[in-house]
Amino acid sequence: MSGSSFGTHFKMTTFGESHGEAVGVIIDGVTPGVELTEADIQVQMDRRKPGQSSVTTPRKEYDIIRILSGVFEGKTTGAPLAVMLNNTDMKSKDYEANRKLFRPGHADFTYVQKYGHRDHRGSGRASGRETAGRVAAGAIARKLLERRGVSIVAYTKEAGGIKCETFDESVIEKNPMRAADLNAAERMVTLVEDLAAKGNSCGGVVECIIRGVKPGIGEPAFDKLDAELAKAMLSIGAVKGIEFGAGFAATTMFGSEHNDEMDANGFLTNNAGGIVGGISTGQDIVFRIAVKPTSSISLPQQTVDEEGNEHTIQTLGRHDPCICPRVVPVVEAMACMVLEDLYKRHTALHD
């Protein structure tokens, strides 16, 4: 299976399936001599792991990581760095009844068309479980970016039509929705719990803010900073759209409104979201992603089997009624991957 690697100068390859023995990642291009412990990675894994609250899947994976290579005496060696975590709480029998059926919204049908067969246990490689390796790699990239003065924070801006009306970064990790507005978070939780009880799900919007990126990062044509971020975000299974800065609202603006004018102190607005011509301006990089409703719902739906016969299907198993809270650390991780990769490319250009 190709398409399991991401990045050029800072590159990761993820491996493993949802109900396989383990999942993990191999990262190449890690700067040598950087202090790194398993705890540095574990803190991000704990944010992504399942079973955290009533608005996430009850599957209990502790996601305790092991660094297999690339670190010696507490410092990175510059060699490929491998991280692995075992799967321990699989219930593959939950998927046996639908072994031959294509679940609506899942990659079952498309995987069969491409490969001729599929792993029906929890979606196999198409499962959100694959993102565990991404978060581990992103934690390492974050460590490197911190040395560059770059910080990244994402949060649930909207879920099930309920929007954050205020932004308080300090409360994001203090509510199960990872929202930046506690009042909105309470209403989101009520809605998501109600949907879960009914066997349904909802989607939402996650916003990411990147601070401290110096001007000049990104390439001018095919590898634009916003293009690379877009590819990274759209590679996350649940993401169906992305916008930067003013985003789609720019379609209703005039040029005189949308252009970010400048004075002696810098830019006066940030409608471009911190990227112009595919290159960072030095302002905050701001983008939002559209997260679809979780495909795994227990309500009856119409489908067909592998022979084309019609059936009614109910998707059993343990699933997130809203994936937004657990997408947040994945979004941050992928943004870290893009930025560290492009920083290394920028450094190579100016060496």
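Thr-294 sits in the loop between strand 16 (285-291) and strand 17 (301-304). Helices (H or I, at least four residues) and strands (E, at least two) are DSSP runs, numbered from the N terminus. The model is predicted: local features need pLDDT of at least 70, side-chain atom pairs count only at pLDDT 80 or more, and totals for chains, interfaces and linings use all residues. Residues are numbered from 1 along each chain as its sequence is written, and side-chain values use heavy atoms, with hydrogens and water left out.

**Around Thr-294**
- Thr-294 is buried, with a relative accessible area of 16%. Buried means under 20% relative accessible area, exposed over 50%, and partly exposed in between (1.4 Å probe, protein chains only).
- Beyond its neighbours within four places in sequence, Thr-294 is in contact (heavy atoms within 4.5 Å) with Ser-201, Cys-202, Asp-320, Pro-321, Cys-322 and Ile-323.
- The backbone oxygen of Asp-320 lies 2.7 Å from a polar atom of the Thr-294 side chain.
- Thr-294 and Gly-105 are 189 residues apart in sequence, and 8.3 Å apart in space, C-alpha to C-alpha.

**Helix 4**
- Helix 4 covers residues 182-197. Its buried residues are Ala-184, Ala-185, Met-188, Val-189, Val-192 and Leu-195.
- Seen down the helix 4 axis, these buried residues fall within an arc of 140 degrees, so they line one face of the helix. The arc is that of the directions from the helix axis to the C-beta atoms.
- On the other side of helix 4, Asn-183, Glu-186, Thr-190 and Ala-197 are exposed.
- The cover over the buried residues of helix 4 includes strand 8 (151-159) and strand 9 (162-163).
- Just after helix 4, Gly-199 takes a positive phi of about 80 degrees.

**Aromatic pairs**
- Rings of Phe, Tyr and Trp (its six-membered ring) pair if their centres lie within 6.5 Å; planes under 30 degrees apart count as stacked, over 60 as edge-to-face and the rest as tilted.
- By this rule there are 4 aromatic pairs. One of them, Phe-102 with Phe-109, is edge-to-face: 5.5 Å centre to centre, with 85 degrees between the planes.
- Phe-102 is buried, at 9% relative accessible area, whereas Phe-109 is partly exposed, at 44%.
- Phe-244 and Phe-287 form a tilted pair: 5.7 Å centre to centre, with 50 degrees between the planes.
- Phe-244 lies in strand 11 (residues 239-244) and Phe-287 in strand 16, so the pair ties together parts that are 43 residues apart in sequence.
- Both Phe-244 and Phe-287 are buried.

Methods
Expected span 1.5 Å × (residues − 1). Polar contact = N/O pair within 3.5 Å; in protein donor to acceptor, adjacent residues only side chain to side chain.
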